[in-house]
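Here is a short briefing on one protein chain.

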Amino acid sequence: MLEQQQRYNDLKLGERGAIFSIIAYVILSIIKLAVAYMSDSEALKADGLNNSTDILASIAVLVGLKFSQRPPDKNHRYGHWKSETIASMIASFIMLAVGIEVLAAAVASIFQGEKESPDIAAAYIGILSAAAMYFVYRYNKNLAQKINSKAVMANAKDNLSDAWVSAGTAVGILGSQLHMPWLDPLTAVVVGLLICKTAWEIFKQASYELSDGFDVQKIELYQKVIRKVDGVKGIKEIKGRYYGNNEVIDVVILVNSTLDIKKAHDIATSIEKTMKDDYGVYDVHVHVEPS
């Protein structure tokens, strides 16, 4: 019970990272979009729209973290842990839609013909934004490692991606000053592609976990650990799945057919304790069969 309460506390702590990201994205998107329209920079406009989608994505993560803290009820006997994974998938759809919109606008701008290079102020905003997002990335990365949260770590990776996007935006705008105005909308195309790429990666990970995908290497590791438990003669089957950030293992072990029920139960309890204490597994379901 104490361990489960600690996991709920970690989710509560993870909200800070999402809120911090939201505040940063709101400020940066307003500044970028305002400067982009004044300086006529397609790249900075795309970067600002990127940050706008990140606001929605961070809100989705925040809502998911809040829902995940709800205890089990009559309709959700296993709890609401998967809420943050569902929120991540929703965020990926939002990001993909904006990424496609950015790409369409950038490509249209390229084919519009000659245009003047954007004001140099747009490049300075890109550089400052890159530095700010790198700071947010470091904060969220440290927080994710502290509470072992995949959602917060995914948010941190998105922060780092945004830092690189802003740096690339600055380079593109600076390059357009060298009598290459086409470089600004071309950079916007790259930004749009990066948004779509990030959206796909988040969607792929979320769908992988929601469809009960699990790390094969971890399964192999857990097999070796369980086989070393005294009394285990073999493993008939082992499966894993995720409830949010929590790992759940189902294993069928083989024991000596002459063992009484109490000794077989003690072996199962030993496996559960080892997996939970040494490997941080949230729950272990052990089924015992005679060898």
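How many helices and how many strands does the protein chain have? The chain has eight helices and three strands. Keep in mind that this is a predicted model. The topics below go from the overall fold to the strands, then to the cavities and pockets.

**Overall fold**

- From the N terminus on, the elements run α-α-α-α-α-α-α-β-β-α-β.
- The radius of gyration is 24 Å, well over the 19 Å that the globule rule gives for 291 residues, so the chain is more spread out than a compact globule.
- Along the principal axes, the C-alpha atoms fill a box of roughly 85 × 30 × 30 Å.
- Of the 291 residues, 48% count as buried.

**The strands β2 and β3**

- Strand β2 covers residues 246-255, and strand β3 covers residues 283-290.
- These two strands run parallel, and eight bridges join them.
- One place to look is valine 251, which stands opposite valine 286 in β3.
- How does the chain get from β2 to β3? The chain crosses through helix α8 (residues 261-279), and this β-α-β crossover is right-handed.

- Rolling a probe the size of a water molecule over the atoms shows where empty space is left.
- A search of the whole structure finds two cavities of 30 Å³ or more.
- The largest cavity has a volume of about 100 Å³.
- Its lining is made up of Ala57, Val61, Ser88, Ala91, Met95, Ala151, Ala154, Asn155, Asp158 and Ile202.
- Helices α2 (42-68), α3 (83-110) and α5 (150-176) are the elements that give two or more residues to this lining.
- Which element gives the most to the lining of the largest cavity? That is α5, with four residues.
- By class, the lining of the largest cavity has seven nonpolar residues, two polar and one charged.
- The second largest cavity has a volume of about 30 Å³.
- Asn50, Met95, Asp158, Ser161, Asp162, Val165, Leu194, Ile195 and Thr198 form its lining.
- Two or more residues of that lining come from each of α5 and α6 (183-210).
- The largest share of the lining of the second largest cavity is again from α5, with four residues.
- Four nonpolar, three polar and two charged residues make up the lining of this second cavity.

**Open spaces: the pockets**

- The largest pocket holds about 450 Å³ of space.
- Its lining has 18 residues, and Lys150, Ala154, Glu201, Ile202 and Gln205 lie nearest its centre.
- Helices α3, α5 and α6 each supply at least two residues of this lining.
- Here α5 gives the most, with seven residues.
- The lining of the largest pocket divides into five nonpolar, seven polar and six charged residues.
- The second largest pocket has a volume of about 220 Å³.
- Which of its 14 lining residues lie nearest its centre? They are Asn148, Lys150, Lys218, Asn245 and Glu247.
- Helix α4 (121-147), helix α5 and strand β2 each supply at least two residues of the lining of the second largest pocket.
- By class, this lining has four nonpolar, six polar and four charged residues.

Methods:
Residues are numbered from 1 along each chain as its sequence is written. This is a predicted model: local features need pLDDT of at least 70, side-chain atom pairs count only at pLDDT 80 or more; totals for chains, interfaces and linings use all residues. Side-chain values use heavy atoms; hydrogens and water are left out. Two strands pair if DSSP finds at least two bridges between them. A crossover is right-handed if, with the strands pointing away from the viewer, the path from the first strand over the helix to the second runs clockwise. On a 1 Å grid over the protein atoms alone, a cavity is a set of points where a 1.4 Å probe fits but cannot get out, and a pocket is an open set with protein on both sides within 12 Å along at least five of seven lines; lining residues have an atom within 4 Å of a point. Grid points are joined across faces, edges and corners, and a volume is the space filled by probe spheres set on the points. Ala, Val, Leu, Ile, Met, Phe, Trp, Tyr, Cys and Pro count as nonpolar, Asp, Glu, Lys and Arg as charged, and the others, Gly among them, as polar. The radius of gyration is taken over C-alpha atoms; the globule rule is 2.2 Å times the number of residues to the power 0.38. Buried means under 20% relative accessible area, exposed over 50%, partly exposed in between (1.4 Å probe, protein chains only).
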